[in-house]
Amino acid sequence: MRPRLPALVLSLSLSALGGCVTTPRAPPPLTEEQKLAQEVARLASEAAALLKSQDLLVWNYWAEGARADVASTYVGKEALFSLDNIRKIDRLRQRTTEPRELRALTALQSHFAGEYLSQQLAEMNDAIANLEASLTFQVDGREVRWGELERLLANERSAPRRQALYTAATPALERLGPLIQRREARTEELVRELGYASYEAFGGELRQADLSRLALLAEEVLQATEAPYKDVMERLAQRELGMPFANLTRADLPRLFRPREVDGFFPKGELLLRAHGTLSGMGIDLGEMKNVRIDAREDVKRKNPRPLSLGIEVPGDVRLSVRPGEGALEQSRLLHEFGHALHYAYTKEPRFELAKLGNPTVTEAYAALFEDLTEDPVWLEEHAGLTGKDRSTYLAATSAHKLFLIRRAAGRLLYQLALHRQEEGVDARELYKAMLERVDEMPATKDDVARHLVEQEDFFQSADSFRAWFLAGQLQGQLKARFGPSWWHAPEAGKFLQGLWAHGNALSAREVAEAMGEQGIAPDVLLLRLGTTLGVPIKLDARGESEAPPTAPASPTAPASPENTPAAPTAPAPAPEAQPTPAASRAAKKPVTAQARVSKPNAAKARKSKAATSRKKAASLPKHGHKARR
């Protein structure tokens with residue numbers, strides 16, 4: 001028999017080893033909250049990937065003229081933006097107390113709710129978009145597309161012919177009314193299905209604002225600007241149309257605010273150079289940033305001529321499409337998109353929900369800051385050689401139009417609030433008529449009132465434009481006070497702005513104002529500037545947009561406004577060595593969108609988080625509110 005010693009030794013060795021080895025413990029089971037957090041993180045990741053794929057399609061459509069079948073991106077993802085998933089996000093949000101997490105979850109929930117609305121309203125939106133695209137009317141025996149009306153009115157010298165064009169379009173527009181009414185009624189139902197107490201409650205969350213308090217500011221702005229506005233419009237009507245303001249109709253407004261005769265100061269070949277030159281003084285070179293791609297090709301036949309900035313992945317992949325044209329309007333549009341690109345490119349916020357989602361007011365304010373350089377007398381002289389009477393006439397016209405747009409935004413906000421708070425039996429036409437007459441200081445005709453449905457906006461959009469203009473005015477005031485009238489020559493100004501841009505969308509508009517030393521959003525800086533340019537005093541005892549104190553969500557059926565949720569602690573924006581001083585013009589101061597009517601991607605919609613936009617986004621969309629200027 002063979003000796004068994006080796007086997008015995010091996011057996012003893014293994015036994016000894018077994019006594020030294022510990023079996024790894026299984027991880028403890030996940031809590032219900034941890035499972036919910038994992039599920040919500042998965043939903044956010046899927047939403048980010050979908051949004052990226054859609055933005056890439058929009059980019060190719062814009063820069064290349066390629067077909068953009070955004071609807072196809074939803075195939076297989078129909079259940080992503082379901083009520084069940086929206087409620088999962090809300091349940092986690094209700095359990096969250098950490099400020100940064102609460103803000104991110106609120107942005108994510110608003111995005112999902114907006115997409116849910118878009119899905120549910122897709123058929124109605126498509127029907128409205130298709131009808132809108134096909135609308136025509138007869139003028140002098142020829143067929144005119146409704147989309148051409150604004151341009152025709154601006155180019156028509158004869159007031160009677162302008163009125164004839166405007167009136168002829170009314171029957172065509174009225175065909176949209178029944179579809180819009182059905183969609184609005186369905187939207188109200190869907191908002192309540194989502195768990196919001198009202199249309200206004202959802203709108204307040206989308207806009208990150210207490211709409212009631214913002215309405216008080218809108219009322220104050222209308223009162224303070226009433227008399228100056230009348231004076232300004234009288235002068236403009238006499239100078240531009242040779243007729244008293246009292247004789248104007250709304251058919252005359254496109255002609256009144258048509259582009260000024262200064263396009264020769266803005267030649268095609270210099271627009272992009274001027275934009276880069278403006279940034280170079282602040283130590284910023286977008287063209288050298290690895291995360292920014294500027295497509296300035298002019299030989300792409302189907303490339304959209306309007307500039308567009310897209311944050312495909314913020315901040316890692318920022319793109320700017322440019323096809324330079326000629327004129328002051330083209331220059332302002334280009335600078336506007338540069339403002340967006342800078343915000344996206346300098347964002348240091350790593351979280352998708354706080355970098356890309358959320359209300360667009362803040363990014364629109366940065367865009368408006370740079371767009372407004374084309375209304376800065378110092379910049380106009382330096383970069384365009386525009387001086388003397390040409391500059392004065394141009395600034396008077398653009399400032400008058402800005403004042404008009406501010407009043408329109410204030411009026412629309414008040415009208416929409418009144419409309420959605422009305423009791424049964426209140427006539428929407430009468431509400432609209434009263435708003436128009438008060439805001440424009442012009443009688444409202446039957447043709448004007450017939451447009452009350454077509455011009456209805458979705459979820460109080462005017463609140464964004466309203467606050468963005470004022471915040472941009474405050475930014476400009478701070479920059480001038482800190483770095484001088486030509487603030488774009490100061491590298492410190494670039495660092496100051498980069499400190500603000502770094503927050504992405506993690507800060508609300510009010511918080512951005514506070515970060516740069518203001519007490520909140522207030523209109524007095526912008527209104528004082530306009531009043532000075534126009535030679536009319538505008539006195540405003542502006543209290544700013546007062547906000548309710550930060551609170552956590554009260555219940556799943558009553559989501560809190562993101563503006564009222566605490567933001568994550570963040571460092572203030574970098575400032576120069578000197579202590580921040582208030583803007584000189586403030587020295588005398590007293591103590592997702594959810595879109596419903598959508599058809600094709602435009603600069604505004606392509607940039608936003610597609611909250612409640614129609615899935616058919618491959619045709620032309622409405623313009624930015626401020627883009628209709630001049």
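1. Strand β1 (residues 136–139) and strand β2 (residues 142–145) run antiparallel and are joined by 4 bridges. Two strands are taken to pair if DSSP finds at least two bridges between them. Strands here are DSSP runs of E with at least two residues, helices are runs of H or I with at least four residues, and both are numbered from the N terminus.

2. The model is predicted: local features need pLDDT of at least 70 and side-chain atom pairs count only at pLDDT 80 or more, whereas totals for chains, interfaces and linings use all residues. Residues are numbered from 1 along each chain as its sequence is written, and side-chain values use heavy atoms, with hydrogens and water left out.

3. Which residue in the hairpin of β1 and β2 takes a positive phi? Aspartate 140 does, with a value near 50°, and the hairpin has 2 residues between its strands. Aspartate 140 is placed in the loop between β1 and β2, and its positive phi occurs in a residue other than glycine. Most residues other than glycine have a negative phi, and most peptide bonds are trans.

4. The peptide bond between valine 314 and proline 315 is cis, with omega at about 5°. Proline 315 is found in the loop between β4 and β5.

5. An open sheet is formed by 3 strands in the order β3-β5-β4, with mixed pairing. Because β3 (292–295) and β4 (308–313) stand at the edges with a single partner strand each, one side of each is left without a neighbour in the sheet. On average, neighbouring strands of this sheet are turned by 15° against each other, direction ignored. β3 and strand β5 (residues 317–321) run parallel and are joined by 4 bridges. Within this pairing, arginine 293 stands opposite arginine 319 in β5. Helix α2 (residues 32–64) packs on the sheet and touches β3, β4 and β5, and the direction of α2 makes about 150° with that of β4. Contact means heavy atoms within 4.5 Å. Axes are lines fitted to C-alpha atoms, for helices over the stretch in contact, and angles run from 0 to 180 degrees between N-to-C directions.

6. Helix α12 (residues 271–280) and helix α13 (residues 328–345) have axes that come within 10 Å and cross at roughly 45°. The two helices, α12 and α13, are therefore oblique to each other; angles under 35 degrees count as roughly parallel, over 145 as roughly antiparallel, 65 to 115 as roughly perpendicular and the rest as oblique. The crossing of α12 and α13 is right-handed. A crossing is right-handed if the near helix is turned clockwise from the far one by less than a right angle, and left-handed if anticlockwise. Leu271, Leu272, Arg274, Ala275, His276 and Leu279 of α12 make the contact with Glu330, Gln331, Leu334, Leu335, Phe338 and Leu342 of α13. By class, the residues of this contact of α12 with α13 are 8 nonpolar, 2 polar and 2 charged. Ala, Val, Leu, Ile, Met, Phe, Trp, Tyr, Cys and Pro count as nonpolar, Asp, Glu, Lys and Arg as charged, and the others, Gly among them, as polar.

7. Helix α10 (residues 211–241) and helix α20 (residues 462–483) pack at an angle of about 65°, and their axes are 12 Å apart. Their crossing, that of α10 and α20, is left-handed. Leu211, Leu214, Leu217, Ala218 and Val221 in α10 meet Ala463, Phe466, Arg467 and Phe470 in α20. The contact of α10 with α20 comprises 8 nonpolar residues, no polar and 1 charged.

8. The structure holds 17 aromatic pairs. Rings of Phe, Tyr and Trp (its six-membered ring) pair if their centres lie within 6.5 Å; planes under 30 degrees apart count as stacked, over 60 as edge-to-face and the rest as tilted. One of the pairs joins phenylalanine 81 and phenylalanine 112, whose ring centres are 4.8 Å apart and whose planes stand at 65°, so the pair is edge-to-face. Phenylalanine 81 lies in the loop between α2 and α3 (83–94) and phenylalanine 112 in helix α4 (residues 99–120), so the pair ties together parts 31 residues apart in sequence.
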